[in-house]
Amino acid sequence: LSLAALSARPVAVSNLVSRVVALSNGIGIMGGLRLEKRGPYRGLFALLDNALLPLSASVSALSLLKKLETASTPRRVRELLWRRELNVDMAERLLQAWHMLHELRLLREREVLPDWLNASPLYLDIDLMNVAEQETLRESLEAVGNIQRHVGLNFSGAGE
């Protein structure tokens with residue numbers, strides 16, 4: 001249904017792409033991680049907003065643009081690679097990022113069980129992560145930024 005709706009409405013495709021590209025990828029202009037500036041999660045990294053959502057949205061948007069019908073993000077990445085819409089390096093980085101970000105989410109959820117009444121598992125205290133974990137997170141966020149740029153370039157290259 002989504003493929004049919006998008007193919008009939010170029011404005012909707014443009015809107016989809018611009019929204020995906022505008023999502024935060026968690027890395028600021030100066031290369032630092034984007035941490036919450038206020039509220040109960042001040043100083044924490046919003047894993048959903050800055051990593052999981054933009055990664056999933058970017059892969060989903062590219063999949064829609066390329067008319068894939070695969071449901072899960074890892075399968076979409078593999079099919080995009082198979083169709084040569086992504087190169088091997090980008091596909092590997094995206095899959096590593098997907099696995100790493102979801103592992104962080106699951107570890108965080110396990111830490112707060114059973115007191116799981118709010119969104120706190122989706123916020124990370126970067127200071128509690130060791131240097132290797134921080135670097136892996138940064139590499140994952142760079143992969144997210146790369147796929148967002150790829151979606152934007154792919155759309156602009158389509159002449160829309």
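The following legends describe close-up views of a predicted model.

**View 1. The largest pocket and its lining.**
The largest pocket of the predicted model holds about 350 Å³ of space. Its lining consists of 14 residues. Those that lie nearest the centre of the pocket are Leu 104, Glu 111, Leu 124, Met 129 and Glu 133. Two elements, helix α5 (88-112) and strand β2 (123-124), each supply at least two residues of the lining. Helix α5 gives the most, with seven residues. By residue class, the lining comprises eight nonpolar and six charged residues, with no polar residue.

**View 2. The packing of helices α3 and α5.**
Two packed helices are described by the angle between their axes and the distance between the axes. For α3 and α5, the angle is about 145° and the axes are 10 Å apart. The crossing of these two helices is left-handed. On the side of α3, the contact is made by Leu 47, Ala 51, Leu 52 and Leu 55. Helix α5 contributes Leu 94, Ala 97, Trp 98, Leu 101, His 102, Leu 104 and Arg 105. The residues of this contact divide into nine nonpolar, one polar and one charged. Leu 104, part of the contact with α3, is also among the residues nearest the centre of the largest pocket.

**View 3. Ser 58 in helix α3.**
Ser 58 belongs to helix α3, which spans residues 47-65. The relative accessible area of Ser 58 is 0%, which is under 20%, and the residue therefore counts as buried. Apart from neighbours within four places in sequence, Ser 58 is in contact with Val 20, Ile 147, Gln 148 and Val 151.

**View 4. Arg 108 in helix α5.**
Arg 108 is located in helix α5. With a relative accessible area of 19%, Arg 108 falls under the 20% limit and is therefore classed as buried. When residues up to four places away in sequence are not counted, Arg 108 touches Ser 120, Pro 121, Tyr 123 and Leu 124. Of these, Leu 124 is also one of the residues that lie nearest the centre of the largest pocket.

Lys 67 is placed in the loop between α3 and α4. Its phi is near 65°, a positive value in a residue other than glycine. Lys 67 has a relative accessible area of 53%, which is over 50%, and is therefore exposed. Arg 84 is placed in the loop between α4 and α5. The phi of Arg 84 is near 65°, again a positive value in a residue other than glycine. Arg 84 has a relative accessibility of 76% and is likewise exposed.

**View 5. Arg 75 in helix α4.**
Helix α4 covers residues 73-82 and includes Arg 75. Because its relative accessibility of 59% is over 50%, Arg 75 counts as exposed. Arg 75 and Glu 139 are 64 residues apart along the chain, and their C-alpha atoms are separated by 21 Å.

**View 6. Thr 136 in helix α6.**
Thr 136 is found in helix α6, which runs over residues 131-157. The relative accessibility of Thr 136 is 33%; this value lies between the limits of 20% and 50%, so the residue counts as partly exposed. Thr 136 and Gln 96 are 40 residues apart in sequence, and the distance between their C-alpha atoms is 9.4 Å.

Technical notes:
Residues numbered from 1 in each chain as written. Predicted model: local features only at pLDDT ≥ 70, side-chain atom pairs only at ≥ 80, totals over all residues. Heavy atoms only, no water. 1 Å grid on protein atoms, 1.4 Å probe; cavity = no way out; pocket = protein on both sides within 12 Å on 5 of 7 lines; lining within 4 Å. Points joined across faces, edges and corners; volume = space filled by probe spheres on them. Helix = DSSP H or I, 4+ residues; strand = E, 2+ residues; numbered from the N terminus. Nonpolar A, V, L, I, M, F, W, Y, C, P; charged D, E, K, R; others polar. Buried < 20%, exposed > 50% of the residue type's maximum accessible area, 1.4 Å probe, protein only. Contact = heavy atoms within 4.5 Å. Axes fitted to C-alpha atoms, helices over the stretch in contact; angles between N-to-C directions. Left-handed = near helix turned anticlockwise from the far one by under 90°.
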